[in-house]
Amino acid sequence: MAMADPNAARPGPTERLQNLMLNDRGFVFDPLNGETFQCNATGLACLRALQAGRTADELVATLVDGWEVDATTACFDLDAFVADLRALGWYWESTELKP
């Protein structure tokens, strides 16, 4: 009998995302596999907010306030960012945000 993935129902950042090492220049290091990534200031702010337990709705509000974008654009951009995080195994489910 196949076992269900215990993480499949848990929304939000994975332990891997929680363990990422970030610096102020957007350098991202994944200590699990040694891979490195580079992100811009917006991506870095989103990663740090997710590590701190902020919700997708809180992230959208931060983007609208801090980067002067409208809610529709912020939702679209955050959905795309979270899709990338999911592909890396750093986030369990899509935000599927609506403005």
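Modeller: Let's look at helix α2, which covers residues 41–51 and has these buried residues: Gly43, Leu44, Cys46, Leu47, Ala49 and Leu50. "Buried" means under 20% relative accessible area, "exposed" means over 50%, and "partly exposed" is in between, using a 1.4 Å probe and protein chains only. Helices here are DSSP runs of H or I with at least four residues, strands are runs of E with at least two, and both are numbered from the N terminus. Bear in mind that this is a predicted model, where local features need pLDDT of at least 70, side-chain atom pairs count only at pLDDT 80 or more, and totals for chains, interfaces and linings use all residues. Residues are numbered from 1 along each chain as its sequence is written, and side-chain values use heavy atoms, with hydrogens and water left out.

So where does α2 sit? The protein chain has four helices and three strands, and along the sequence they run α-β-β-β-α-α-α. The cover over the buried residues of α2 includes α1 (15–18), β1, β2, α3 (56–67) and α4 (71–87).

Two of those covering pieces, β1 and β2, belong to an open antiparallel sheet with the strand order β1-β2-β3. Its edge strands are β1 (21–22) and β3 (36–38), each pairing on one side only. Strands count as paired if DSSP finds at least two bridges between them, and β2 (residues 27–29) makes three with β3, in the antiparallel sense. For instance, valine 28 has phenylalanine 37 in β3 as its bridge partner.

Now check the two ends of the helix. At the start of α2, asparagine 40 has a side-chain oxygen within 3.1 Å of the backbone nitrogen of threonine 42. Just after α2, glycine 53 has a positive phi of about 90°.

A disulfide is a covalent bond between the sulfur atoms of two cysteines. To count as one here, the two sulfur atoms must be within 2.5 Å. The closest cysteine sulfur to that of cysteine 46 is in cysteine 39, at 8.9 Å, so they are too far apart for a bond. The structure as a whole holds zero disulfides.

Last, the core. A nonpolar core is a set of buried Ala, Val, Leu, Ile, Met, Phe, Trp, Tyr and Cys residues joined through side-chain atoms within 4.5 Å. In soluble globular proteins, nonpolar side chains tend to be buried together. The largest such core here has 22 residues, and Leu47 is among those with the most contacts inside it, along with Leu17, Leu20, Val28, Leu78 and Leu85. A contact means heavy atoms within 4.5 Å. The elements giving two or more residues to this core are α2, α3 and α4, with α4 giving the most, at six residues.

Technical notes
Polar contact = N/O pair within 3.5 Å; in protein donor to acceptor, adjacent residues only side chain to side chain.
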